Amino acid sequence: MALEDESERYRAPALDKGLDILELLARIDGGLTQAEIAKQLGKSPNEFYRMLDRLVRRGYVQRQEGDRFFMTLKLFGLAHFHAPVRRLVSFATPLMRDFSNRAEQSCHLAVFDRGSVVVIAQQDSPTYWGISIRVGAQINLFNTGSGHILLAFRDDQQRRMMVTEQQRQQEVSRMPPDLEERLQFIRERGFETMDSLQTTGVRNISAPVLALDGNALAALTCPFIEPVNADAPTYDQVTEYVCEAARQISETVAGKPDDSEQ
């Protein structure tokens with residue numbers, strides 16, 4: 001009871017209401033009416049009128065088609081002002097571009113953030129075909145190459161925290177029973193390869209971007225598509241390129257292992 005009282009001491013109902021609206025709209029394609037927002041949040045529509053008006057005026061929500069409200073990209077833009085992410089993307093972008101030109105494949109960079117794997121950078125293939133994942137997309141921790149890398153290259157305490165947050169974020173998400181064994185194999189091998197569970201004909205190749213302590217800062221993933229061109233880099237070659245690019249990004253962002261000793 002004492003803990004509940006402590007957590008409620010500094011409640012800010014108006015702020016909670018605004019955050020509830022933003023979190024709801026962020027999960028919805030096509031927007032919602034004021035009545036639909038109220039219904040999903042279990043409140044009266046009148047409770048949200050002033051809050052929606054302020055969110056629209058501040059640019060976080062847009063009103064279209066009469067009484068339909070949509071999330072804007074303002075929060076996404078603010079997130080990119082976050083220094084560590086901005087620094088990581090800034091350093092990784094030229095190396096991701098070099099990889100794509102060399103491998104003739106696209107790639108993306110993802111990090112773990114509050115229960116989800118979030119794509120923070122994307123580089124298209126230099127050819128006329130390729131798989132592109134939009135920046136800001138949230139993907140599952142348990143059934144993607146990026147998620148496996150981020151789990152495999154974290155210490156036990158961080159890994160337990162990530163699993164708990166993923167399951168709290170998506171209640172239907174359950175950690176596969178054989179995943180721990182898979183993660184051990186990934187750590188030993190240094191990278192992950194797996195058929196995409198979202199797109200037929202794509203095999204994801206993922207490697208870790210590591211901090212000096214060996215924990216993963218991010219995962220670099222190439223959604224590999226088998227090229228028709230016989231002169232294009234092979235799957236095995238692209239796997240080597242992914243690992244090399246991830247290692248270069250690690251050294252650029254975090255420094256080489258012996259840098260801290262100099």
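Author: One aromatic pair is present in the structure. This is a predicted model, where local features need pLDDT of at least 70, side-chain atom pairs count only at pLDDT 80 or more, and totals for chains, interfaces and linings use all residues. Residues are numbered from 1 along each chain as its sequence is written, and side-chain values use heavy atoms, with hydrogens and water left out.

Reader: Which rings pair, and how far apart are their centres?
Author: Phe 224 and Tyr 235, with centres 5.3 Å apart and planes at 75°, so the pair is edge-to-face. Rings of Phe, Tyr and Trp (its six-membered ring) pair if their centres lie within 6.5 Å; planes over 60 degrees apart count as edge-to-face, under 30 as stacked and the rest as tilted.

Reader: Is Phe 224 buried or exposed?
Author: Buried, at 3% relative accessibility. Tyr 235 is partly exposed, at 21%. Buried means under 20% relative accessible area, exposed over 50%, partly exposed in between (1.4 Å probe, protein chains only).

Reader: New topic. How many disulfides are there?
Author: Zero, in a search of the whole structure. A disulfide here is a pair of cysteine sulfur atoms within 2.5 Å.

Reader: What about Cys 222?
Author: Cys 222 is in no disulfide, and the nearest cysteine sulfur, that of Cys 107, is 7.0 Å away. Cys 222 is also buried, at 0% relative accessibility.
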